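Hi there,

Here is the structure I promised to pass on to you. Have a look at it first, and then read on for what turned up.

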Amino acid sequence: MSPATKSKNPVSPKDRMKIARQLMPEQAPEVRAQNFEEVNLGYSAELAQQEARRCLECAKPTCTDNCPVGIDVKAFVELIVAGDFLGAAAKIRENNVLPAITGRVCPQEDQCEGKCLLSKKVKPLGIGYLERFVADYEQRMGTHVVPKVAPSGKKVAIVGSGPAGLTVAGDLIQKGHRVRVFEALHEIGGVLVYGIPEFRLPKQIVREQIDYMREMGVEFETDVVVGRTVTVDELLEEEGYDAVFIGTGAGLPQFMNIPGEHLNGVYSANEFLTRINLMKAYRFPVYDEPMLDLHGKDVAVIGGGNTALDAIRSALRLGAHKAYVLYRRSEAEMPARAEEVHHARQEGIDFQMLTAPVEFLSEGSGWLTAARCVRMELGEPDASGRRRPVAMKGSEFDLPLSVAVIAIGTSANPIVQSTTPGLGTNPRGYIQAGEQTQRTTRKGVFAGGDIVTGSATVILAMGAGRRAANSIHEYLTTGEW
Amino acid sequence: MFKIVHAQFLAPGIKRFVIVAPRIARKQKPGQFVILRIYEEGERIPLTIESSDPARGTISIVVQAAGKTTHLLNTLEMGDSILDVVGPLGKPSEIRNYGTVVVVGGGVGTAMAYPTASALKRAGNRVISIVGARNKELVILENEMRMVSDALMITTDDGSYGDKGFVTDKLRQLIENGTRIDLVIAVGPIVMMKAVSEMTRGEHIHTVVSLNPIMIDGTGMCGGCRVLIDGKSEFACVDGPEFDGHKVDFPVLVQRNAMYREAEQRSMDEFRARPSGFSSEPTSRNVNEKWGTPDKPDKNVCASGEGELR
């Protein structure tokens with residue numbers, strides 16, 4: 001806010017720190033551990049305004065610095081204080097086409113809230129909760145504006161309908177380009193629908209955001225595996241697209257290559273979550289896709305990221321008796337969102353830190369019965385800058401388990417790369433793309449998100465999508481490569 | 001939605017569908033498959049593409065009723081639609097002139113062996129085909145296979161057609177007669193592919209099998225279809241479905257394909273209890289047969305529930 005404008009905030013700056021961070025209303029842990037409904041219930045208008053009033057309205061705000069899409073946090077929070085919730089939503093939409101989603105799944109503690117000046121003394125401003133509030137408010141009001149833009153005559157194919165692809169689509173349609181999104185699965189949304197569970201991101205929210213994009217004119221085509229059903233070259237040469245954006249996302253799940261990984265009961269997190277989220281196996285037999293019955297079973301997830309927590313909290317909701325997280329480092333290194341770790345603990349998830357399986361055991365039946373684990377200690381920092389876990393001698397123990405879910409990351413899916421001649425990849429198989437331009441080694445072909453960086457977050461993929469959209473627009477406008 | 005323009009039973013419980021899917025028809029190559037989902041609550045199952053007609057924009061699939069989804073599928077008729085069909089998935093068969101190739105099709109696996117045999121013939125190979133089935137009624141695509149083969153042998157388990165016995169009996173005869181065999185391709189029940197691979201291993205005859213693990217997305221995302229090849233994990237959907245039969249760990253494949261047996265049984269039982277829209281004979285035989293010889297087309301075997309066909 002410029003000094004000339006008078007603050008709408010009725011609370012004096014020195015009193016703002018006295019207001020406690022407004023708690024997010026949520027389902028009680030013992031209740032929500034039994035259902036797939038969303039954990040967080042969302043702020044009321046009163047709670048939102050009270051929280052917004054905590055904003056110090058810094059002259060030089062830093063809360064936007066770490067935002068991958070550059071949301072003007074201070075401006076939208078001021079609009080909430082002023083009671084202009086739709087204005088706040090519109091302000092966010094200038095930079096973020098999926099606010100109802102990022103408000104729920106961004107790691108705010110590493111981004112906007114991590115930079116909030118309040119956090120030096122008290123808890124940071126609940127920026128994620130406020131973003132979510134205005135996005136949901138806008139949806140309830142049903143008043144979002146569909147911008148009218150003069151058509152550019154150019155058309156762009158987007159490969160993959162996850163956060164990166166949707167961002168590119170949303171940005172380019174507003175610049176007047178014709179946009180068609182190709183999705184391999186039968187549902188639009190990528191990881192938002194197959195990966196993130198209902199209790200953290202209701203699919204209805206994703207559908208609403210996608211419906212809005214449809215209203216804006218974005219075309220979607222499901223059941224198209226680019227590289228198999230149609231190639232990038234065919235899109236450019238035969239179907240007349242002027243540019244292609246590749247946002248195919250995290251690919252093949254990684255396994256640990258330890259004995260027993262092929263036992264029945266050992267899942268990749270992608271398979272486990274896809275069965276539950278995309279195929280609705282938790283509603284078997286109303287839905288046809290089956291799932292192992294977890295009632296009364298002991299289940300462990302291996303890994304410490306959001307995917308790991310999504311999987312184990314889903315297992316708990318499917319009736320698991322014991323639900324463990326086995327993580328080879330300590331809590332400080334866990335990549336999961338802080339709120340998810342907090343929620344998981346409340347729900348009764350048993351965190352076994354500095355623990356890693358070395359073998360999956362069965363009693364000759366072909367079915368998992370236990371994981372042989374070792375305890376770890378942290379040694380010198382490794383390439384990631386985190387201290388390397390080292391197995392402690394003589395620490396082996398067997399943990400009885402019926403189901404183990406491996407959530408240790410993914411490697412690059414090769415389908416597009418292997419069917420697009422001249423598309424450069426790095427040694428790990430990810431697509432090479434310019435950091436700012438998202439341009440690949442092929443003219444007219446752009447890429448972004450996990451297929452460029454390896455597994456990361458929704459908002460980082462959206463940031464890449466945003467840069468790609470600007471870069472594609474520039475290319476379509478100037479024709480220069 | 002993908003419209004069915006032709007539907008016809010080839011044998012009891014085995015039906016051929018011609019489906020409008022122009023993108024897939026244009027790209028399909030022998031050895032590839034599709035994944036389909038019939039209705040909103042349905043599961044995704046992989047099915048072999050028998051042939052395609054790029055000019056008409058259609059593909060043809062052959063379905064054997066085994067679990068709930070395939071039973072439901074086989075109730076569909078011309079004019080009906082399938083909600084989702086995605087493909088062509090998997091790596092195509094490696095087609096070149098090997099010399100003499102023996103193509104072995106077991107049961108409904110013959111529908112997948114056929115396009116590969118046809119392409120191998122066009123590539124200049126001498127193609128010897130062996131088609132096996134439980135009985136005469138279940139021998140499919142005989143004329144089609146004959147058209148693309150230099151020699152065709154048929155075996156039935158009960159001797160009701162062709163020679164009584166198994167496809168491996170014929171293969172052994174060929175080997176014992178000193179027939180030069182440069183490649184064997186076997187598509188069918190796991191037990192058959194395993195038996196063929198074991199027979200050719202000692203003879204050092206390169207043998208390709210087409211695997212049928214449980215699968216969901218078919219694009220390499222979920223890892224459900226992982227198979228052990230030479231002690232290493234590979235994904236049938238992106239690395240296969242064809243693999244060197246001498247390197248496949250068949251017992252692990254059998255074990256993993258049994259993972260949802262209970263749920264599948266429950267689905268089938270509930271489905272039988274509500275036989276609306278059920279046209280093929282609902283005998284308990286179908287399911288028992290399934291577990292005896294896992295069937296090729298219904299890779300994801302069945303599962304399921306009360307969902308009605310919409």
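Which side chain meets that of B:Asp182 in a salt bridge? The partner is B:Arg180, at 2.6 Å from N to O. A salt bridge here is a side-chain nitrogen of Lys or Arg within 4 Å of a carboxyl oxygen of Asp or Glu. B:Arg180 is exposed, with a relative accessible area of 63%; the cut-offs are under 20% for buried, over 50% for exposed and in between for partly exposed, using a 1.4 Å probe and protein chains only.

Before you go further, please keep in mind that this is a predicted model, in which local features need pLDDT of at least 70 and side-chain atom pairs count only at pLDDT 80 or more, while totals for chains, interfaces and linings use all residues. Residues are numbered from 1 along each chain as its sequence is written, chains are lettered from A and ligands numbered from 1 in the order in which they are written, and side-chain values use heavy atoms, with hydrogens and water left out.

Back to the salt bridges: the search of the whole structure finds 51 of them over all chains. In chain B, B:Arg146 and B:Glu142 form one at 2.6 Å, N to O. Both lie in helix 4 (residues 142–147) of chain B, four residues apart, about one turn of the helix. (Helices are DSSP runs of H or I with at least four residues, strands are runs of E with at least two, and both are numbered from the N terminus.) B:Arg146 is partly exposed at 43% relative accessible area, whereas B:Glu142 counts as buried at 19%. Chain A has a network of salt bridges that includes A:Glu26, A:Arg32, A:Asp310 and A:Glu347.

Next, the meeting of the two chains. The contact (heavy atoms within 4.5 Å) takes 55 residues from chain B and 48 residues from chain A. About 4200 Å² is buried between them, and carbon and sulfur atoms give 54% of that; buried area is the accessible area (1.4 Å probe) that two parts lose on being put together, summed over both. Six salt bridges cross this interface. In another pairing to look up, B:Lys68 forms a salt bridge with A:Asp288, with the closest N and O atoms 2.9 Å apart.

Now for the inside. The largest nonpolar core has 76 residues, and A:Phe76, A:Ile80, A:Ile101, A:Leu130 and A:Ile472 have the most contacts inside it. Such a core is a set of buried Ala, Val, Leu, Ile, Met, Phe, Trp, Tyr and Cys residues joined through side-chain atoms within 4.5 Å. Helix 18 (residues 458–478) of chain A gives the most to this core, with nine residues. Apart from it lies another core, of 56 residues, with B:Val86 and A:Phe255 among them.

Finally, the strands. Five strands of chain A form an open sheet in the order 6-14-7-8-9, with parallel pairing; two strands pair if DSSP finds at least two bridges between them. The edges are strand 6 (266–268) and strand 9 (350–352), each pairing on one side only. Inside the sheet, four bridges join strand 7 (residues 298–302) to strand 14 (residues 403–406) of chain A, and A:Val301 has A:Val405 as its bridge partner. Elsewhere in chain A, strand 11 (residues 368–381) and strand 12 (residues 387–391) run antiparallel, joined by four bridges.

Happy exploring!
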